[in-house]
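Here is a short briefing on strand pairing, crossovers and core packing. Look over the sequence and fold first.

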Amino acid sequence: MLNSKRLLEITKFIDEEDFVADIGADHGKLIIEIANKYKNNKYLAVENKIGPFNNLKNSVENYNFNKNIEC
């Protein structure tokens, strides 16, 4: 899913039992990738600007992670 080597590298530090909150989630690519890796966990994605927040919500819905990722 991820095209970014930097973001993909970050996912290597996440374990299944970790709670992850992505502050400044922007488009949500990182948190979506983590949710895809560990599908049974819950996550939090935060964005304080309305445009990026709407993009984040749309990405989460498009990838069908509404139940895993709270925006």
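Two bridges join strand 2 to strand 3 (residues 69–70), and this pair runs parallel. The model is a predicted one. The points below start from the strands and move on to the core.

**Strand pairing**
- Tyr43 stands opposite Ile69 in strand 3.
- Strand 2 also pairs with strand 1 (residues 20–23). Four bridges join them, and they run parallel.
- Ile23 faces Val46 of strand 2 as its opposite residue.

**Crossovers**
- From strand 1 the chain passes through helix 2 (residues 29–37) to reach strand 2. This β-α-β crossover is right-handed.
- A right-handed β-α-β unit is also made by strand 2, helix 3 (residues 50–62) and strand 3.

**Two faces of strand 2**
- Side chains alternate along strand 2 (residues 43–46).
- Tyr43 and Ala45 point to one face and are buried.

**Nonpolar core**
- The largest nonpolar core has 16 residues. Ile31, Tyr43 and Ile69 touch the most other members.
- Helix 2, strand 2 and helix 3 each supply at least two residues of this core.
- Helix 2 gives the largest share, five residues.
- In soluble globular proteins, nonpolar side chains tend to be buried together.

**Contacts of Ile31**
- Neighbours within four places in sequence are left aside here. Ile31 is then in contact with Val20, Asp22, Tyr43, Leu44, Ala45 and Ile69.

Methods. Residues are numbered from 1 along each chain as its sequence is written. This is a predicted model: local features need pLDDT of at least 70, side-chain atom pairs count only at pLDDT 80 or more; totals for chains, interfaces and linings use all residues. Side-chain values use heavy atoms; hydrogens and water are left out. Buried means under 20% relative accessible area, exposed over 50%, partly exposed in between (1.4 Å probe, protein chains only). Two strands pair if DSSP finds at least two bridges between them. A crossover is right-handed if, with the strands pointing away from the viewer, the path from the first strand over the helix to the second runs clockwise. A nonpolar core is a set of buried Ala, Val, Leu, Ile, Met, Phe, Trp, Tyr and Cys residues joined through side-chain atoms within 4.5 Å. Contact means heavy atoms within 4.5 Å.
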